[in-house]
Amino acid sequence: MISTRFVLKRLLLLVPVLVGVASLVFSILHLSPGDPALTIAGERASEEFVRQVEESLGLNDPIWVQYGRFLADAAQFQFGESFIIQRNTTVREVLANKLPVTLELALYGQLIGISLGIPLGILSAVKQDSITDHLTRIGALAGISVPIFWSGPLLILLFAQVLGWLPTSGRISVLYNVEAIRVTGLVTVDTFLAGNWDMFVSAVRHMILPASVIGVYSMALISRMMRSSMLEVIRQDYMRTARAKGQGAKITVLKHGFRNAMIPVITVIGIQFGGLLGGAVLTETVFAIGGIGTLLVEAIKVGDYPIVQGTVLTFAFLFTLVNLGVDITYSILDPRIEQ
C-alpha cells in the first residue's frame with residue numbers, strides 16, 4: 001500500500017524541478033539571437049510598428065518583470081498565441097492537437113517494447129549461454145544498433161511498396177474525416193468509440209509500422225536490462241533456498257525473481273517513455289506523422305518562441321509525471337524504498 005506522505009513528498013519535489021526548467025527555458029530564449037517583435041512584425045515593418053509590437057508583448061519591461069509574468073502564465077499553462085506556425089491560435093490549442101499524436105505513438109511503441117522485451121529478457125537469463133540466449137542477445141543488439149532513420153524506410157519499402165500490406169505514412173486514410181468524431185485525439189481510440197470499424201482498421205494499419213519501429217528499439221533495451229537484472233536476482237540466496245525447498249524453477253523465477261528484477265527495468269521503461277513523449281522526431285518525420293516533436297523542431301527553426309516555451313514546458317511536465325509514476329511503481333514493488 002502506498003503511503004499518502006510518500007506521494008505528497010514526490011509531488012512537492014516536482015515544483016522546484018518545473019520552476020528550474022521554466023527558468024532555464026526563459027533564460028535560453030532571452031539569450032538566443034533574434035527579436036520576437038521583428039519576427040511578428042516582419043522584416044519590412046517600420047521601426048515604429050516594431051516598437052508597438054514590443055510594447056504590446058511587454059518586451060520593454062524590466063527582465064525580472066518579464067520573468068515573473070512568464071512564471072505566472074506558465075503556472076496557468078498560458079503561453080499566448082503562436083507567432084508564425086499557426087497565427088492567432090493559442091499555444092494551448094496547438095499543443096492539444098499535437099500532443100495526442102505523439103502520445104498515441106509512444107503508447108503503442110512502448111507497449112510493443114514491453115510485451116516483447118520482458119519475456120525475452122527473462123528467457124535469455126534463465127537459459128544463459130544457450131542458443132536461445134545467444135539469439136536473443138543478437139536480436140537485442142541489432143535492435144539497438146539499427147537507427148530509426150534506416151529501419152523506418154526499410155519497413156516502408158518492404159511492407160508498403162513490395163508487399164502492399166500496410167500504408168506508407170499518415171495516421172489514417174485521407175478518405176476519412178477523423179476530426180468529426182474527435183474525442184480523445186487518439187485516432188485508434190476515437191474510431192473505436194465511434195464504432196466505425198473501417199476507420200478503426202485504417203487507423204490500426206497506419207499505426208503498425210511507426211509503432212513497430214519504436215517498439216523494436218524499446219524491446220532491445222528492455223530485454224537487455226531484464227536479462228542482466230534477472231541474472232543478478234537468480235543468483236541470490238533466497239532463490240536457491242526456494243529451489244532447495246522443492247519449488248519449481250518457473251514458479252521461483254516468476255514469484256520471487258520477477259518482482260525484484262523489475263526495479264531497474266522500470267527505470268529504463270520510464271526514461272524511454274518520457275523521451276518518447278518529448279517527441280519521437282525521427283519516427284514522426286519518416287512516417288509523416290505531425291506530432292509534438294516535429295512541432296518543436298519547426299518552431300525552433302522559424303523562431304516561434306511561444307510554441308517553443310509551451311512545448312518544452314509541456315515535455316518537462318510530462319517527464320516529471322512519468323518519473324512520479326516510476327517512483328510509485330518502485331514503492332509497490334519494494335515498500336522499503338519509501339523509507
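The model is predicted. Helix 11 (residues 249-277) packs with helix 10 (residues 237-244), and the axes of helix 11 and helix 14 (residues 305-333) come within 9 Å.

**Helix 10 with helix 11**

- Two packed helices are described by the angle between their axes and the distance between the axes.
- For helix 10 and helix 11 the angle is about 155 degrees, and the axes are 10 Å apart.
- Angles over 145 degrees count as roughly antiparallel, and helix 10 and helix 11 are therefore roughly antiparallel to each other.
- The crossing of helix 10 and helix 11 is right-handed.
- On the helix 10 side, the contact is made by Tyr238, Met239, Ala242 and Arg243. Helix 11 contributes Ala249, Thr252, Val253, His256, Gly257 and Asn260.
- By class, this contact of helix 10 with helix 11 has five nonpolar residues, four polar ones and one charged one.

**Helix 11 with helix 14**

- The axes of helix 11 and helix 14 cross at roughly 170 degrees and come within 9 Å.
- That crossing makes helix 11 roughly antiparallel to helix 14.
- Helix 11 takes part through residues including Arg259, Met262, Ile263, Ile266, Thr267 and Gly270. In helix 14, the residues they meet include Phe315, Leu318, Phe319, Val322 and Val326.
- The contact of helix 11 with helix 14 divides into 14 nonpolar, five polar and one charged residues.

**Ser218**

- Ser218 is in helix 9 (residues 197-233).
- With a relative accessible area of 2%, Ser218 is buried, because buried means under 20%.
- Leaving aside neighbours within four places in sequence, Ser218 is in contact with Gly109, Gln110, Gly113 and Gln272.

**Asn97**

- Asn97 is found in helix 5 (residues 91-126).
- Asn97 is partly exposed, with a relative accessible area of 38%.
- Asn97 and Gly291 are 194 residues apart along the chain, and their C-alpha atoms are separated by 8.6 Å.

Definitions and conventions: Residues are numbered from 1 along each chain as its sequence is written. This is a predicted model: local features need pLDDT of at least 70, side-chain atom pairs count only at pLDDT 80 or more; totals for chains, interfaces and linings use all residues. Side-chain values use heavy atoms; hydrogens and water are left out. Axes are lines fitted to C-alpha atoms, for helices over the stretch in contact, and angles run from 0 to 180 degrees between N-to-C directions. Helices (H or I, at least four residues) and strands (E, at least two) are DSSP runs, numbered from the N terminus. Angles under 35 degrees count as roughly parallel, over 145 as roughly antiparallel, 65 to 115 as roughly perpendicular and the rest as oblique. A crossing is left-handed if the near helix is turned anticlockwise from the far one by less than a right angle, and right-handed if clockwise. Contact means heavy atoms within 4.5 Å. Ala, Val, Leu, Ile, Met, Phe, Trp, Tyr, Cys and Pro count as nonpolar, Asp, Glu, Lys and Arg as charged, and the others, Gly among them, as polar. Buried means under 20% relative accessible area, exposed over 50%, partly exposed in between (1.4 Å probe, protein chains only).
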